[in-house]
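Morning, everyone. Please have the sequence and the model up on your screens.

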Amino acid sequence: KGAPKPHPEAAQRKKGGGKRQRKDDEHGDEHGDAAGGAKRKRKEGVGGSKKGKHAAAAAEHEQHGIVQEVDVLEAGFSVSVHYASHRRSSSADAGGEWRPGTVVRAYLSAQNGEPIYDIMMHSGVEEKAVAHDRCRMVCNVCLSDKRAFKPPPMFCEKCFQAIHTRWSYWEESGDEGGVKLCKRCFSDLKATSTADRVLSEIAHRNVKIDNFLEKKEKDRPEYVDNWVQCDECHSWLHWTCAMYKGEDTPEDCLFFCGNCRRTRGKTLPKELCVAPSEDLAETVLSKKLQDGLKKELAASGVKAAPVTIRVVSNIDCFAKIAPPPPLPGTAAAHSAAKNGAKVALQNGKVGGREFPYRSKCILAFQRMQGGDGPEVCFFAMYVQEYGSECPEPNTNRVYISYLDSVRYFESEPMGHRSTVYHSILVAYLQWTRMLGFKYVHIWVEPPKSGDEYIFFARSDQQRKPMKREKL
């Protein structure tokens with residue numbers, strides 16, 4: 001049947017989605033295409049000759065009220081049906097509400113040859129002969145037609161500061177975009193005579209500041225989820241709702257939705273399976289944190305699916321700190337300017353100090369639905385460990401640089417997320433004390449509204465920042 005096809009009417013994300021869409025278009029134009037391409041063509045309404053045949057069949061079977069079935073919306077598709085607020089108007093643009101249902105049968109009207117549907121509503125009522133303009137296809141899981149994502153964070157490419165969503169910014173003109181600058185950096189560069197040279201050094205190509213345009217948040221492209229079709233029941237799902245891996249999937253790989261895997265015995269090919277967190281390498285630290293959490297939950301009488309903790313990053317790094325520049329007008333400042341000390345300060349080799357540390361990333365995972373559902377990463381912590389070999393004032397100090405979580409931990413009784421986070425943090429502090437560390441520093445200021453630290457693509461129900469009083 002070919003690879004799962006993106007939804008033909010859905011907007012593609014800026015990156016990745018367009019490539020798969022183009023491949024589908026190429027396959028769909030071939031007469032000998034697999035069934036997957038044919039399904040996509042029927043969904044788009046390609047092939048006008050079919051409509052003529054159905055119209056002829058309508059004339060032959062007019063006395064029966066219906067004609068040969070068609071696949072404009074296939075049986076089994078999840079749809080939303082529009083119910084107008086005013087009885088005289090049935091248009092989807094006239095207000096009203098959308099109610100979910102499932103297509104039972106699709107056919108052409110005997111009167112005008114337009115597609116109509118019998119739909120079983122989720123309320124249990126079957127609607128007969130629903131007009132096509134009252135229906136819109138939705139995801140079989142979330143029952144929405146479009147899943148929009150918050151755009152990823154954006155940073156100024158000169159000062160590396162985050163550009164807040166409420167701020168305007170300057171971006172190089174062009175369809176693909178380019179260098180982005182905050183308002184302050186753009187104003188500073190505009191006032192100098194070396195703006196083009198500085199921008200060219202940043203982008204490693206010729207860039208002119210006169211080609212920049214001022215933009216706002218509304219000018220950024222909309223990021224929406226792609227679609228995939230089940231090769232068994234033919235229903236459409238968002239990539240996110242289907243837990244679909246996406247761009248790296250082979251073209252000839254079949255996809256089966258979760259319902260078909262549960263009720264029809266279908267299994268995903270190994271190319272679409274995501275390895276469980278248990279397959280990640282286990283360390284002494286991760287085992288200590290995991291065992292400590294298990295004992296803490298048992299002592300608190302909390303029942304939950306097992307939590308897997310892993311140290312997924314463990315890297316030796318250096319922080320280079322340059323000394324403060326000499327006061328202007330002094331002999332030291334004159335000597336530095338004469339001897340080119342500015343270059344030495346930039347690379348941190350002359351007069352600078354190096355602080356070696358070890359950077360670690362700790363993640364916690366749990367399978368949803370009592371251990372039978374998908375596995376979710378719900379906790380992340382980044383730490384920097386400055387050991388005894390590090391010079392003062394960082395000797396034997398630990399810096400918890402980032403700590404973030406999402407509300408996906410499931411337990412019985414509920415409300416024990418803080419128990420998990422406290423257990424992991426306390427067990428880690430005990431570990432560092434055993435290794436000889438003496439001080440721990442943590443930054444407790446929450447991110448500003450619109451910014452995130454680690455889990456930036458949050459759904460609306462996850463966007464409840466902690467109040468300052470609780471901190």
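Which residue in β9 does Trp170 stand opposite? Leu181.

Quick ground rules. This is a predicted model, where local features need pLDDT of at least 70, side-chain atom pairs count only at pLDDT 80 or more, and totals for chains, interfaces and linings use all residues. Residues are numbered from 1 along each chain as its sequence is written, and side-chain values use heavy atoms, with hydrogens and water left out.

Now the sheet. Strand β8 covers residues 169–172 and runs antiparallel to β9, joined by three bridges. Strands here are DSSP runs of E, at least two residues, and helices are runs of H or I, at least four, numbered from the N terminus. Two strands pair if DSSP finds at least two bridges between them.

Three strands make up this open, antiparallel sheet, ordered β9-β8-β10. β9 (180–182) and β10 (212–215) each have a single partner strand, so one side of each has no neighbour in the sheet. On average, neighbouring strands are turned by 30° against each other, direction ignored.

Next, helix α4, residues 183–190. It lies across β8, β9 and β10, at about 95° to β9. Contact means heavy atoms within 4.5 Å. Axes are lines fitted to C-alpha atoms, for helices over the stretch in contact, and angles run from 0 to 180 degrees between N-to-C directions.

For Cys142, the nearest cysteine sulfur belongs to Cys241, 3.7 Å away.

Methods
Disulfide = S-S within 2.5 Å.
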